[in-house]
Amino acid sequence: MAPEDVDLAPPTLARPALQAAAQAVEHWDVIIIGGGATGLGAAVDAASRGYRTLLLEAHDFAKGTSSRSTKLIHGGVRYLGQGRIALVREALVERARLLRNAPAQVAPLRFVVPVYSRWEQLKLRVGLSAYEWLAGRYSLGRVRGLSVAQTRAALPNARPEGLLGGVAYFDGQFDDAGLAIALAQTVFDHGGVALNYAPVTGLVETDGRITGVRGHDEITGQALEFTARVVINATGVWADDIRRMAIPDAPPMLAPSQGVHVVVDAAWLPGDTALLVPETDDGRVLFMIPWQGKVLLGTTDTPRDDIPLEPQAQTAEIDFILRTAARYLLRAPGRDDIRSVFAGLRPLIAADPDAPRSELSREHVIRVSPQGLITIAGGKWTTYRQMAEEVIDRAASEAGLGARACCTADLPLHAEPAPEAGERLHPRLDVTEARVRHAVRAQFALTVEDVLARRSRALFLDAEAATAVAPEVARILADELGRDADWLGAQISDFAALAAGYSHR
């Protein structure tokens, strides 16, 4: 069958239909390796331009870094102090586009910075006013100075001793895993195919050019091989592994850094206003953010030489977050108050392997190997769409696909009605049987972890409650997927082991 004769109408999202859709195309225009923010964004961009697009993810969509962010869509206040004006401006424009194109996943969030010195107050007013000015017509609200009473009203648990007032500003908040699933659904809406649990284990090379990929389906064990006019490596912190499939001695282009977040109950930061600590002991900022009925505290910046699939928070990192939060709170959470802890790895770009960590870049780069493998690395969730546009422009040029204009700047992402709520499976979690079944039928979920870590955020919000509800979720999944008792038991034990790493009481 010739590629132009293939019907790429969106299939049902049940796994057998996805497998059939992937096998139905003889030759793809674009194959993307990696189902995180960058890869999914690139797949949406390519598919919406009309290119025959296939995405392959080794695990679940957003399993790695892309589900472990600080849940902010922002320009990066701290980058202003580093003079990275263009980076901040680009991110603020992309923030506005996300608010418009994905209103179900992204919303404005008010921040208040409590201040304890007049010099600090002046610096914040100037810096945050510059931040708002850079946003221009995309501003989410005015920067305002607050009195002591206004600051206490916004942040009832802020430390009152020495409080001189506060500064309020706005940024964006989102559910990272939820946005990833919306992107995966949008790929299908535009005729592309995205498969999770389909690891790429090798590249196909023909006459010195990368012309496809080899891998297998983790669910069925079936070997997979696909050809394409261009292959894009968008695997985040694992990008060097894929690069070395083409060039075994390729020097590393990434210097991963670990960021840790601690989740506690909402009582520690009552209300709907976030708190920003403007400078921590290591020169970063610390966020305290209301998120899905809890409070998210983070983050850290710790170099890592390894890139584990499930990075673990170090005791020192947790203590650092709790200690920093305690300086700004009247009543501060301790280790016994932790509901969950999660860690993610940032794909920082190191132009010089010996450069100081402070010089490592969050900006993205695109590199093309002599065989034509295109690698995109770096960046952050806020700028995923701009990164996708640039890499698909480059891929189209390298592969001679024919120029087609990017349309994602104004492209609404997939939106779906919420499934019937029903009775909660656990009193502390917003997880119901209807939502579990919906996760399988419409959101690509295939395991207990998929449901409790990313289709709901139960594991990230309350590891203990997620562990307790896992057997019932496994039973529902087994019924949906036609799995046996052995599979059910393995799912329960695997999830219990995973959740233990999120509980640090």
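Visitor: What should I know before reading any values?

Guide: In this predicted model, local features need pLDDT of at least 70 and side-chain atom pairs count only at pLDDT 80 or more, while totals for chains, interfaces and linings use all residues. Residues are numbered from 1 along each chain as its sequence is written, and side-chain values use heavy atoms, with hydrogens and water left out.

Visitor: Which residues have the most contacts inside the largest nonpolar core?

Guide: In soluble globular proteins, nonpolar side chains tend to be buried together. A nonpolar core here is a set of buried Ala, Val, Leu, Ile, Met, Phe, Trp, Tyr and Cys residues joined through side-chain atoms within 4.5 Å. Buried means under 20% relative accessible area, exposed over 50%, and partly exposed in between, with a 1.4 Å probe and protein chains only. The largest core has 68 residues, and Val213, Phe226, Ile232 and Trp381 have the most contacts inside it. Helix α10 (residues 384–399) gives this core its largest share, eight residues. Helices (H or I, at least four residues) and strands (E, at least two) are DSSP runs, numbered from the N terminus. Apart from this core lies another, of 56 residues, including Leu92 and Phe287.

Visitor: What does isoleucine 232 touch?

Guide: Contact means heavy atoms within 4.5 Å. Leaving out residues up to four places away in sequence, isoleucine 232 touches Val30, Ile31, Ile32, Ile33, Ile374, Ile376, Val391, Ile392 and Ala395.

Visitor: Which residues of helix α11 are buried, and what do they pack against?

Guide: Helix α11 spans residues 433–442, and its buried residues are Val436, Arg437, His438, Ala439, Val440 and Ala442. They pack against α7 (176–189), β19 (424–426), β20 (429–432), α12 (448–455) and α14 (463–481). Just after α11, phenylalanine 444 has a positive phi of about 70 degrees.

Visitor: How many cavities are there?

Guide: On a 1 Å grid over the protein atoms alone, a cavity is a set of points where a 1.4 Å probe fits but cannot get out, and lining residues have an atom within 4 Å of a point. Grid points are joined across faces, edges and corners, and a volume is the space filled by probe spheres set on the points. The count is four cavities of 30 Å³ or more.

Visitor: What lines the largest cavity?

Guide: The largest cavity holds about 110 Å³ of space. Its lining has 14 residues, with Tyr384, Arg385, Thr408, Leu411 and Leu413 nearest the centre. The largest share, four residues, comes from α4. By class, the lining has seven nonpolar, three polar and four charged residues.

Visitor: Which element gives the most to the lining of the second largest cavity?

Guide: That element is α5, with four residues. The second largest cavity has about 70 Å³ of space, and its lining includes Arg95, Glu132 and Phe170.

Note on methods. 1 Å grid on protein atoms, 1.4 Å probe; cavity = no way out; pocket = protein on both sides within 12 Å on 5 of 7 lines; lining within 4 Å. Nonpolar A, V, L, I, M, F, W, Y, C, P; charged D, E, K, R; others polar.
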